[in-house]
Amino acid sequence: MINEKSVTINLGGRDITFSTQKVAKQADGAFWVRYGDSVVLVTACMDRNEKEEANFLPFTVDYREYTYAGGKIPGGFFKREGKPTDSEVLVARLIDRPLRPIFPEGFSKETQVIAMVLSTDYENSPDIMAMNGASFALYCSPIPFPKPVGAVRIGYKDGEYLVNPSQKLFDELDLNIVVAGTKEAICMVESGSKEVLEPVIIKALEIAHENIKKIVEKQEELFKEMGVVKEEFAPKTFDENLYKEVEEKCSAAFRKAMEVKGKKAMYAAIDAVVKETVESFPEEEEEKRKEAKAIAEQILIKIFRKMVIEEGRRADGRLFEEIRAIWGEVGVLPRTHGSAIFARGETMALANCTLGTTQDAQRLSGLMEGQEKHFILHYNFPPFSVGEVKFLRGPGRREVGHGALAERALSPVVPDEKDFPYTIRVVSDILESNGSSSQATICGGTLALMDAGVPIKSPVAGIAMGLIMEGDKYAILTDIAGLEDHFGDMDFKVAGTKEGITALQMDIKVSGISSEIMKEALEQAKKARFFILDEMAKILDKPRSSLSPLAPRIYTVIIPKDKIGELIGPGGKNVRAIQEQTGVEIQIEDDGTVMVASSDAEAAEKAIEIIRSQMEVPEVGKTYNGTVKRIEPYGAFVEILPGTDGLLHVSEIDWKRVENVDDYLKIGDKVDVQVLEFEKNGKVRLSRKNLLPKPEGYIEKPEKKFERRERPEGSHRKSDGSTRHKPRR
């Protein structure tokens with residue numbers, strides 16, 4: 001007998017239900033989450049063995065959207081789901097980020113969360129369901145996950161805040177923000193917006209946290225009801241005497257090492273201190289050496305944080321609000337449509353922009369199959385950017401996440417495809433990295449777009465903020481470097497224009513921060529964003545007045561909807577013929593919009609001329625220069641428009657009597673003709689003589705009029721034209 005446990009929470013005016021002990025009962029934790037007709041199964045499992053020598057939390061999250069959830073069969077040859085799509089990777093990261101800091105320090109048993117979308121109504125977003133389901137599964141299980149987390153999406157539209165808005169409204173929202181947190185504070189934020197102001201963000205965070213508290217309370221209630229017993233976990237402690245010994249050996253050396261200028265030189269100096277400290281202990285005492293190394297790393301963090309909080313200075317000597325030197329160039333790659341290098345300190349991004357036609361748009365797979373993206377941003381992080389040696393493989397979760405953040409930041413300023421009918425791809429290759437390469441990508445991407453002549457609404461800049469907290473004391477750092485990101489308590493990225501924020505991402509490693517600190521961080525980020533925008537304007541202040549000469553030109557022609565099939569032709573024969581004849585690319589939309597793309601303006605004009613002539617409808621009284629296609633004893637058939645012939649009757653060839661059509665016209669001749677009329681069957685009657693001067697003294701013969709006489713009843717016409725009466729019976 002199934003002993004199902006469940007709780008229901010009202011979010012956004014709709015009930016979301018979390019049920020357990022019904023399915024996947026061999027997992028440590030498993031929850032069936034239903035929101036409307038959307039269903040997500042989330043499980044959590046922990047390996048019972050410690051992961052030896054793990055210096056990181058061995059926690060993984062996998063999120064899968066099965067196409068059957070939306071009543072679809074996967075495309076492609078294999079007809080089954082393959083590797084995770086970018087959207088699945090992004091949701092997996094979204095689940096991971098607020099949960100990871102909650103695990104106890106030093107926990108090293110491999111743990112996995114799997115979220116599977118089993119049904120979707122395209123109204124209730126499965127990512128929020130999966131985020132909450134993951135916390136339920138971890139907290140209401142033996143896994144030593146000590147504190148529940150809640151997640152909610154807040155939308156902002158027409159001055160109104162919406163809790164978990166429908167997926168169908170996403171494109172209409174001015175702000176779409178996902179917030180996760182504990183009962184005490186917010187710990188993760190991910191948002192995209194249309195240049196909204198900081199107070200709008202703050203209000204959305206406050207509303208989100210009120211709803212998060214409701215979710216957390218329900219988890220705590222269910223935890224008590226289920227009587228869950230957590231596996232005991234005791235963090236490793238260091239030998240006090242050894243700690244003091246190591247601290248005496250390396251503290252002064254670490255301080256000196258952190259004052260070395262340059263990332264590589266500083267890191268090398270720090271590594272040298274750690275190595276020297278470890279090697280000061282006897283080689284045969286291997287365990288002691290391992291512990292000494294771990295202690296040295298803890299002391300390094302302690303010194304770094306003390307330097308910021310108590311001494312008010314950063315490792316590289318900058319002020320808390322100081323931004324590293326900015327440098328950039330545009331047009332650095334001669335054959336791309338737009339290119340730029342943007343460097344801030346020791347972080348450098350090479351961005352390029354490529355313009356394509358609508359046929360180059362990205363067609364999405366999975367549950368979003370059928371939709372298209374006309375603006376794409378890809379981020380690459382080669383190992384040489386941090387001086388490492390690694391295999392070059394496909395993009396990992398980090399590359400996908402950073403690229404998505406930069407894409408979200410730039411999307412609101414990119415012109416709509418209706419106004420600018422191009423597919424736009426920006427690629428950012430990180431050439432150097434020492435903190436916040438995603439924000440350098442945003443700045444470099446903006447410059448590359450403007451260099452290509454893309455008429456963006458406004459330039460966008462991004463800045464990464466950091467936070468160091470010790471008790472009631474804290475320091476907000478602008479433009480964090482790698483060490484500050486690694487040892488700090490917050491990674492807070494803000495991107496936008498001078499009109500407002502377009503993207504925001506925040507990850508907090510501590511239990512959470514107050515709204516007051518959030519307001520201060522946003523205000524400090526705003527000042528930094530404005531400063532960077534001014535520096536970018538010195539490199540290139542606005543989009544170039546014309547597109548790159550290497551980019552294709554796209555011309556638009558509107559044709560009647562009922563003519564689309566005619567333009568395409570049987571099996572695409574006609575449109576292919578035009579493309580082969582002119583060398584252009586042609587895209588035909590369902591509303592009759594025809595886009596002709598070519599870097600050769602003359603070829604595009606020729607294609608447009610052919611399309612217009614094919615789509616033209618003959619008009620009575622209008623003159624056409626046609627081609628003789630066929631000759632008969634009674635006249636000639638002349639093509640006046642592509643695919644449209646008319647009959648030039650022998651009586652309409654000349655003012656004088658024409659005995660033989662061949663004396664006047666040959667097949668292939670060009671001849672000017674006028675449309676006389678359209679017959680009831682749709683055939684076109686033409687005249688040549690109407691365009692010729694009328695001979696002097698020409699007398700027009702009056703038209704013969706015939707009277708219709710009724711035949712006597714019962715008679716019928718014989719072959720000789722006479723009639724005979726039908727005999728009566």
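This is a predicted model: local features need pLDDT of at least 70, side-chain atom pairs count only at pLDDT 80 or more; totals for chains, interfaces and linings use all residues.

Visitor: At what angle do helix 2 and helix 3 pack?

Guide: Angles under 35 degrees count as roughly parallel. Helix 2 (residues 126-139) and helix 3 (residues 198-226) pack at about 30 degrees, and their axes are 10 Å apart. That makes helix 2 roughly parallel to helix 3.

Visitor: Which residues in helix 2 and helix 3 meet?

Guide: From helix 2 you have N132, S135, F136 and Y139, and they meet I215, Q219, E220, L222 and F223 in helix 3. Sorted by class, this contact has five nonpolar, three polar and one charged residues.

Visitor: Now the rings. How many aromatic pairs does the structure hold?

Guide: There are 14 aromatic pairs. Take F59 and F103: their ring centres are 4.9 Å apart and their planes sit at 50 degrees, so that pair is tilted. F59 belongs to strand 5, while F103 is in the loop between helix 1 and strand 6, so the pair ties together parts 44 residues apart in sequence.

Visitor: Are F59 and F103 buried or exposed?

Guide: Buried means under 20% relative accessible area. Both F59 and F103 are buried. By contrast, F238 is partly exposed, at 33%.

Visitor: Which residues do ring pairs link into a cluster?

Guide: The cluster takes in F59, F103, F107, F145 and F233.

Terms used
Residues are numbered from 1 along each chain as its sequence is written. Side-chain values use heavy atoms; hydrogens and water are left out. Axes are lines fitted to C-alpha atoms, for helices over the stretch in contact, and angles run from 0 to 180 degrees between N-to-C directions. Helices (H or I, at least four residues) and strands (E, at least two) are DSSP runs, numbered from the N terminus. Angles under 35 degrees count as roughly parallel, over 145 as roughly antiparallel, 65 to 115 as roughly perpendicular and the rest as oblique. Contact means heavy atoms within 4.5 Å. Ala, Val, Leu, Ile, Met, Phe, Trp, Tyr, Cys and Pro count as nonpolar, Asp, Glu, Lys and Arg as charged, and the others, Gly among them, as polar. Rings of Phe, Tyr and Trp (its six-membered ring) pair if their centres lie within 6.5 Å; planes under 30 degrees apart count as stacked, over 60 as edge-to-face and the rest as tilted. Buried means under 20% relative accessible area, exposed over 50%, partly exposed in between (1.4 Å probe, protein chains only).
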